[in-house]
Amino acid sequence: MALDVVDLRAFYASPLGHVARRFIGRAMLRFWPDCARQRLLGLGFSTPYLSVLGAKAERVLAFMPAAQGVVNWPSEGLSASALVEPTLLPLPTASVDRVVLVHALEETESPDDLLEEVARVLSPGGRVLVVAPNRRGLWARMDGTPFGHGRPFSRSQLEALMRAATLAPEKWTEALYVPPLKRPLFMRSAPAWERVGSGLSLPFAGVHVIDATKQFHQRAPLRATRRSFAFRPVLLPQATPTPRITDAPRKTPAG
């Protein structure tokens, strides 16, 4: 069942949501400290992070999946949000410079098609920032947060998906080492959890954060190639013997 936009907004308004936004946003800014004069697209529920990343961007769009729902964003001024089908984005090819994926990849039924569509709308050399639940992390095992819904990923799975979509991962990091518990003790000690977890490269972080670049060359789609070489039955006319027609023997009249 897909996450609802109301639940996502309520999570980011909670203390645990503030913790998630703080540490994921910090990792994003480490990769993208400046998006000045860039056309920035957020796909999924990325508005908590677009307000930080897109402060100096030329243009910012917030696309939200139809199964999730949409909210008006930003709260002031003209709306930049829209309800879309994630694998059929209403944008021309090579029309944006950067894409942020949050609460998108794990929710879609076809992650490979989603990443291929992201690569289509990215300009050559454009960059994509992916936030996805870590299969080994505690956040993916508890459904009290949005990261506990959908499909979690390992690092090798994400790398294979992105390379198949002509996206080359360049920088990796993890975030959310603090357990996803709403107790005040864990909220206060969250910075210490992050320092220890990242310093020791512990494997149980809540999310992967990946910065990838669109490759300039376009490979032939593997699935289309397989279809073109598939064996197809060929129906050929088969010759059948024609029955031989013989004259019936004539009877000789008697006498």
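Q: How many helices and strands does the chain have?
A: This is a predicted model. The chain has eight helices and seven strands. Of its 255 residues, 47% count as buried. Among contacts between residues at least 6 apart in sequence, 70% join residues at least 24 apart.

Q: At what angle do the axes of helix α2 and helix α7 cross?
A: Two packed helices are described by the angle between their axes and by the distance between those axes. Here, helix α2 (residues 15-31) and helix α7 (residues 190-200) have axes that come within 11 Å and cross at roughly 35 degrees. The crossing of α2 past α7 is right-handed.

Q: Which residues of α2 and α7 make the contact?
A: From α2 come V19, R22 and F23, and from α7 come A190, P191 and E194. The residues of this contact divide into four nonpolar, no polar and two charged.

Q: Which residues touch the most other members of the largest nonpolar core?
A: In soluble globular proteins, nonpolar side chains tend to be buried together. In this chain the largest nonpolar core has 41 residues, and I24, M28, F147 and L176 touch the most other members. Several elements each supply at least two residues of this core, among them α1 (5-12), α3 (47-53), β5 (122-133) and β7 (207-214). The largest share, eight residues, comes from α2.

Q: Which residues is F147 in contact with, leaving aside its neighbours within four places in sequence?
A: The contacts of F147 include F11, Y12, A20, I24, W139, L176 and V207.

Q: Which residues does a second, separate core include?
A: The second core has 29 residues, including L101, A104, V128 and M162.

Q: Is Y12 buried or exposed?
A: A residue counts as buried when its relative accessible area is under 20%. Y12 has a relative accessible area of 7%, and therefore it is buried. Y12 lies in helix α1.

Q: What does Y12 touch, not counting residues up to four places away in sequence?
A: Y12 touches G17, H18, R21, F45, P48, Y49, V102, H103 and F147. One of these, P48, is 36 residues apart from Y12 along the chain, yet their C-alpha atoms are separated by 7.5 Å. With Y49, the side chain of Y12 forms a polar contact of 2.9 Å.

Key:
Residues are numbered from 1 along each chain as its sequence is written. This is a predicted model: local features need pLDDT of at least 70, side-chain atom pairs count only at pLDDT 80 or more; totals for chains, interfaces and linings use all residues. Side-chain values use heavy atoms; hydrogens and water are left out. Axes are lines fitted to C-alpha atoms, for helices over the stretch in contact, and angles run from 0 to 180 degrees between N-to-C directions. Helices (H or I, at least four residues) and strands (E, at least two) are DSSP runs, numbered from the N terminus. A crossing is left-handed if the near helix is turned anticlockwise from the far one by less than a right angle, and right-handed if clockwise. Contact means heavy atoms within 4.5 Å. Ala, Val, Leu, Ile, Met, Phe, Trp, Tyr, Cys and Pro count as nonpolar, Asp, Glu, Lys and Arg as charged, and the others, Gly among them, as polar. A nonpolar core is a set of buried Ala, Val, Leu, Ile, Met, Phe, Trp, Tyr and Cys residues joined through side-chain atoms within 4.5 Å. Buried means under 20% relative accessible area, exposed over 50%, partly exposed in between (1.4 Å probe, protein chains only). A polar contact is a pair of N or O atoms within 3.5 Å; within protein, one must be able to donate a hydrogen and the other to accept it, and residues adjacent in sequence count only if both atoms are side-chain atoms.
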